[in-house]
Amino acid sequence: MPHPNDPSLRSFIDVAPTSDFSIQNLPYGVFSSKDGLPPRIGVAIGDYVLDLWELEQDSRLDVGPLGVFSMPSLNAFMALGPKVWSKTRARISELLRSDHPELRDHRELRARALVPMADVKLYMPFAVSGYTDFYSSKEHATNVGVMFRGKDNALQPNWLHMPIGYNGRASTVVVSGTKVRRPRGQLKPPTAEVPSFGACKRLDFELEMGVVVGQASPMGEMLTEKQAEEMIFGFVILNDWSARDIQQWEYVPLGPFQAKAFATSISPWVVTREALEPFRLQGPAQQPQPLAYLKQAGANNYDMQLDVALRAGAMNEAKTICSTNFKYMYWSSVQQLVHHASSGCAMNVGDLLGSGTISGPEKHQRGSLLEISWNGTEPVELASGVTRSFLEDGDSLVMRGWCQGDGYRVGFGEVEGTIVAAE
């Protein structure tokens with residue numbers, strides 16, 4: 001049987017070369033449709049969702065316990081482990097191939113199992129057990145450090161020795177399309193003697209990728225590079241919404257808290273680690289050499305294009321304000337997971353790890369408005385007379401990401417969020 005990543009594979013479903021959802025991708029999500037059935041698990045293929053619960057009931061998919069795909073989250077399926085993930089993806093690929101008649105020629109099953117994307121509602125693809133956000137782009141960390149500490153002290157002494165992160169809130173991770181209410185908090189601008197409480201005035205986005213952990217690790221144990229890699233089920237695009245003015249006042253001495261807790265948006269489709277395998281590459285050289293437990297033998301970065309577009313409330317179309325690539329990340333997702341567990345921290349099925357803001361070496365590759373507008377001193381022009389230093393009520397932000405193959409794409413769709421007023 002051809003491998004699901006074979007670039008020559010074609011589906012009997014017409015998939016445009018620019019579609020994110022090629023047969024080489026097959027990302028998982030949770031959806032409902034006009035049939036009135038509860039949310040369940042599907043796979044995106046072109047302009048359709050393949051209903052895995054329909055295939056499971058028809059004995060076309062067998063992953064073990066019946067009903068895994070009838071559930072409103074991927075957690076139970078992810079818990080079955082990497083061998084089941086790979087076997088299931090291979091079977092789905094076989095069913096969708098243009099040269100395989102099983103589903104292609106079964107008109108009744110095809111009508112039940114293939115749902116037009118335009119007719120579905122998408123949900124959170126998995127139940128988030130815990131959320132940790134990292135700070136792993138050297139370009140981003142350097143830009144922020146130069147802004148606030150000067151060029152000679154841009155990176156903190158620990159930054160080049162370990163992935164820096166903090167524990168965020170799983171309770172406010174939301175799926176694309178969820179409106180984001182402007183947060184409120186304590187504010188203390190430099191000119192004020194005492195803080196006040198009110199709506200954030202410097203609301204920002206952060207372009208990130210999210211790692212979806214699909215296997216648990218025991219408390220008290222460390223992970224090897226290979227173990228950490230095999231625990232990763234897949235990736236989502238992640239928008240770490242940030243209240244810069246709240247953060248500026250609260251972050252000393254323990255780091256981000258309320259400035260990050262109000263919302264984190266993710267894309268509804270989880271692209272599997274296996275689907276991204278052809279796009280793996282070596283990340284930036286790490287100097288000084290990491291300590292032994294963080295050294296990598298494999299290429300753990302990905303050649304993944306990422307774009308951010310912003311539409312101000314008065315605009316008809318969004319304007320691209322950032323184009324960068326995941327390959328620039330200094331600390332890889334595998335290193336982040338290895339470090340997270342290194343103290344003996346137990347990891348759970350459904351844990352979400354944010355990569356940290358993804359910025360590149362060029363100005364157009366900056367992954368936050370804080371960097372793009374250089375802390376508000378260089379507003380970005382969106383349209384004639386419309387500029388932004390930070391996000392305003394009514395603004396809509398869209399992030400997209402994909403890996404480009406030979407005549408096909410492996411993409412994530414989009415993660416969108418619109419800002420609504422604090423009151």
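Which side chain does Arg89 meet in a salt bridge? In this predicted model, the partner of Arg89 is Glu274, and the N to O distance between the two side chains is 2.8 Å.

The protein is divided into domain 1, which covers 28–123, and domain 2, which covers 130–420. The C-alpha centres of these two domains lie 30 Å apart, and the contact between them takes 20 residues from domain 1 and 18 residues from domain 2. Together, domain 1 and domain 2 bury about 1400 Å² between them, with 68% of this area on carbon and sulfur atoms.

As for polar interactions, the rule finds one salt bridge across the interface of domain 1 and domain 2, and five residue pairs are found there in polar contact, both residues of each pair being at pLDDT 80 or more. On the side of domain 1 that touches domain 2, the elements that give two or more residues are those listed here.

| Element of domain 1 | Residues |
|---|---|
| β1 | 28–32 |
| β2 | 40–45 |
| α2 | 75–78 |
| α3 | 82–96 |
| β5 | 121–123 |

Of these elements, α3 provides the largest share of that side, namely four residues. By residue class, the side of domain 1 that touches domain 2 divides into 14 nonpolar residues, five polar residues and one charged residue.

Asn5 is found in the segment before β1, and its side chain reaches the backbone oxygen of Glu274 at 2.9 Å. Leaving aside neighbours within four places in sequence, Asn5 is in contact with Arg89 and Glu274, and also with Gln24, Ala275, Glu277, Pro278 and Tyr408. Is Asn5 buried or exposed? Asn5 has a relative accessible area of 11%, and because the cut-off for a buried residue is under 20%, Asn5 counts as buried.

**Helix α10**

Helix α10, made up of residues 333–341, is mostly covered, and nine of its nine residues are buried. The buried residues in α10 are Ser333, Val334, Gln335, Gln336, Leu337, Val338, His339, His340 and Ala341. Which elements are included in what covers the buried residues of α10? Among them are the strands β6 (131–134), β7 (165–167), β13 (207–213), β14 (232–239) and β22 (352–354), together with the helix α7 (225–231).

Terms used. Residues numbered from 1 in each chain as written. Predicted model: local features only at pLDDT ≥ 70, side-chain atom pairs only at ≥ 80, totals over all residues. Heavy atoms only, no water. Domains from an automatic or database assignment. Contact = heavy atoms within 4.5 Å. Buried area = accessible area lost by both parts, 1.4 Å probe. Salt bridge = Lys/Arg side-chain N within 4 Å of Asp/Glu carboxyl O. Polar contact = N/O pair within 3.5 Å; in protein donor to acceptor, adjacent residues only side chain to side chain. Nonpolar A, V, L, I, M, F, W, Y, C, P; charged D, E, K, R; others polar. Buried < 20%, exposed > 50% of the residue type's maximum accessible area, 1.4 Å probe, protein only.
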